Each structure stands twice: as structure tokens, then as C-alpha cells.
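Trainee: I am new to this structure. Can we go through it in short steps?

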Amino acid sequence: MFADWSNIKCVCLDVDSTVCEDEGLDEIAGFLGVTDKVEKITEEAMNGELDITKALEARLSIMNLNLKKLTDFLDNHPVRLTPGVENLVNQFKENGVDVYLVSGGLYPLVNRVAKLLNIPEENVYANKLIFNNEGTFVGLDHSAPTSRSDGKALIVNELLNKLHTPVMMIGDGMTDANACPPASVFIGFGVNVIRPKVKTISDYFCTSVEELINLLKNHKMLL
């Protein structure tokens, strides 16, 4: 017997290695020629072995990012959506489910994904960088909840109070898993990468978008 999820009208989707096939910061690192150092930190952070804020600041420091480098990357690196995700998002919308992108990645990268999927800008949560007038990176905007290890849980709480509906979280990393509770359900997303620790604590774990859609239909969240 499947639990009835028809009352869940809000879903938070992680972006890196979930909505998209890749990890945005790792891709920027590759573009700048510092892949190895950055990927190691990303993996530790996604497995819950490293504080998210420290991991983000460490990677930004290694990349020595500035506005020109970021713009060059965006101009030369098209979005790589996970196959089937656009259909998934459309099915959520058709069933009256509000879709939010909640990412520990960088806002300029995540917002262009939102535009591609026709998700409103106000439904995007991601990390914002501060640049000075010369385009030099001067710091991370720590007011963004996603810069913190418990940030996704804080965002889910905010949405619960705002929308008055249960919230579902879908993602591949520990910060996604740690958002449940307050999310009612956490579905581990193992299409692009399988993190054993995340798989162990997921309410459900899917290794294909088709499997995820079927799960949502079985639980009456999608028709």
C-alpha cells in the first residue's frame, strides 16, 4: 500500500548532480584548470564530511574567481540538464505542484537553469557572490541560507510557513537529506551519482527519472 502524497504541493529540487548532470563549481574549476583540488572538496562536502560554508569558501579561493572568469564560463558552457528532468518539472506543474530550485551552487548558474525550465526567479535559492566595481570577488553573501550546512532545512521551513503545504525534497547530497525533516519526504536522486550515505538515509532512492516519476504516480503526487 502506497502512502498518499496528493497533498504535497511543493517540491524542492537540488540542482548540481540532480536537475543538472554535473556539479557547477567543479565545471568552473575544470574551465579554469584547477579540477582536482576542487572536486575533492566537493565530494567531501556532498558526503557530509566537510562544513558547507568552509567547502564553498575553499573552492572559491582555489579558483580565484572574478566576474570576467564567471561570465566567460557561462558564455562557453551550456546547461546540461539530466535527461528526463524537464518532463518531470512539467509534470509537477501540470499537477499543481510548486517547483523550487534549492542549491548550494552559484546563483548565476542556477538561475539560468530556472529560466530554461520556466521556473520563476523567486523560486530560486542559491549562493550569491559579491564583486566590487572592478569585478573582483570580495566575498560570499552569507545572508543566503544555502551557504550554511542547515540552509536547505531553513528554506523548507520558510516554504512551509509561506505555502502551508507539506514539502518534498529531492537531491543527491547530505544537505538535501538533512532537509527532512522539516520536509515530509526525502527522495535520494542517484541518477548521476550514488552517495552510499545518502542512499542509506533516504525515504526512497531512485536511479532513473522514469523510476522517480513512477514512484510519484504510485503515491498519487502525479496523475
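Trainee: How far apart do the C-alpha centres of domain 1 and domain 2 lie?

Mentor: This is a predicted model, where local features need pLDDT of at least 70, side-chain atom pairs count only at pLDDT 80 or more, and totals for chains, interfaces and linings use all residues. Residues are numbered from 1 along each chain as its sequence is written, and side-chain values use heavy atoms, leaving out hydrogens and water. Domain 1 covers 5–21 + 80–128 + 140–219 and domain 2 covers 25–76, with bounds from an automatic or database domain assignment. Their C-alpha centres are separated by 21 Å.

Trainee: Which three residues of domain 1 supply 31% of the area it buries against domain 2?

Mentor: Buried area is the accessible area (1.4 Å probe) that two parts lose on being put together, summed over both. The two domains bury about 1,500 Å² between them, 61% of it on carbon and sulfur atoms. On the domain 1 side, that 31% comes from Leu106, Leu109 and Arg195.

Trainee: Are helices H2 and H4 roughly parallel or roughly antiparallel?

Mentor: Helices here are DSSP runs (H or I, at least four residues), numbered from the N terminus. The axes, lines fitted to C-alpha atoms over the stretch in contact, have angles that run from 0 to 180 degrees between N-to-C directions. H2 (residues 24–32) and H4 (residues 52–63) have axes that come within 10 Å and cross at roughly 15°. Angles under 35 degrees count as roughly parallel and over 145 as roughly antiparallel, so H2 and H4 are roughly parallel.

Key: Helix = DSSP H or I, 4+ residues; strand = E, 2+ residues; numbered from the N terminus. Parallel < 35°, antiparallel > 145°, perpendicular 65-115°, else oblique.
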